[in-house]
Amino acid sequence: MGAIFDDELKRLRSHFMEMGIDASEQIYQATKAFTDHDADLADKVLTTDAKINDEEIHLEKQALKLMALQNPVATDFRKIISILKASTDIERLGDYSTHIARAAITLSKFEHHEKIEQPIEQMMMIVRKMLERILDAYVYTDEQVAYEVANEDLKVDLLYVKLQKVIMKALVKGGEDVKVYESYLAVIRNLERAGDHIVNLAEWIIYSGSGKLVELNPGKADPTLVRRKLKKE
């Protein structure tokens, strides 16, 4: 059973990585559509969402079959469960990409506000880098990188709070740009959530390696952390 199980587990991990790479590419394309004001590219992102959904369903069936037929030991069981749980987070990242793409389509019809878009682009770069690093960490079950990536989410949270204040202040003034500011809010909200799901991926790496269920989200572990950081700036 050992050789058969190892082969099936490798196949499962390979399918998970393919799903992760697809989600990473989708986030890249969605954020590029936003930064380049490219409605055509955003449309392309919307057409690829079904692929990630299908990959999650296939991976879930594969994982459940492996557990049912091979009866894995505790360490191998953790590896399967971590992949199964992490695939849900990957699927959510795909959803957030489509939301950003829809906002990019809306924004392509209006005048843009560079002072708001520049920090949003910074936020996008952080999220994309976090995802790239966490997928690399999955290959080697690298717990150190998992902790480092989780800590990066604080930068995303800080930018989110700052941008939310700026956008809301502009939004209450009303006028013709209301749809623009609503789209900006949608983008930063989805980026903030994407950061949280990448932290979840980091937590599943820790679980896979050590069996520990840990809270790595800086804002959840310390609810006043973001507010304290902002006061110091």
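Which helices each supply at least two residues of the lining of the second largest cavity? In this predicted model, the helices in question are H3 and H6; the legends below treat the annotated segments and then each cavity.

Figure 1. Residues 17-103 are 93% helix and 0% strand, with the end C-alpha atoms 28 Å apart. Over residues 120-205, the chain is 91% helix and 0% strand, and its end C-alpha atoms lie 28 Å apart.

**Figure 2. Lining of the largest cavity.** Two cavities of 30 Å³ or more are present in the structure, and the largest holds about 40 Å³ of space. Its lining is formed by Ile27, Ala30, Thr31, Leu93, Tyr96, Ser97, Ile100, Val127, Leu191 and Ala194. Helices H1 (2-35), H3 (74-107) and H6 (178-210) are the elements that give two or more residues to this lining. The largest share, four residues, comes from H3. By class, eight lining residues are nonpolar and two are polar, with no charged residue.

**Figure 3. Lining of the second largest cavity.** The volume of this cavity is about 40 Å³. Arg13, Lys79, Ser82, Ile83, Tyr138, Thr141, Ile205 and Ser208 line the space. H3 provides the largest share of the lining, three residues, and H6 also supplies at least two. The lining comprises three nonpolar, three polar and two charged residues.

Terms used
Residues are numbered from 1 along each chain as its sequence is written. This is a predicted model: local features need pLDDT of at least 70, side-chain atom pairs count only at pLDDT 80 or more; totals for chains, interfaces and linings use all residues. Side-chain values use heavy atoms; hydrogens and water are left out. On a 1 Å grid over the protein atoms alone, a cavity is a set of points where a 1.4 Å probe fits but cannot get out, and a pocket is an open set with protein on both sides within 12 Å along at least five of seven lines; lining residues have an atom within 4 Å of a point. Grid points are joined across faces, edges and corners, and a volume is the space filled by probe spheres set on the points. Ala, Val, Leu, Ile, Met, Phe, Trp, Tyr, Cys and Pro count as nonpolar, Asp, Glu, Lys and Arg as charged, and the others, Gly among them, as polar.
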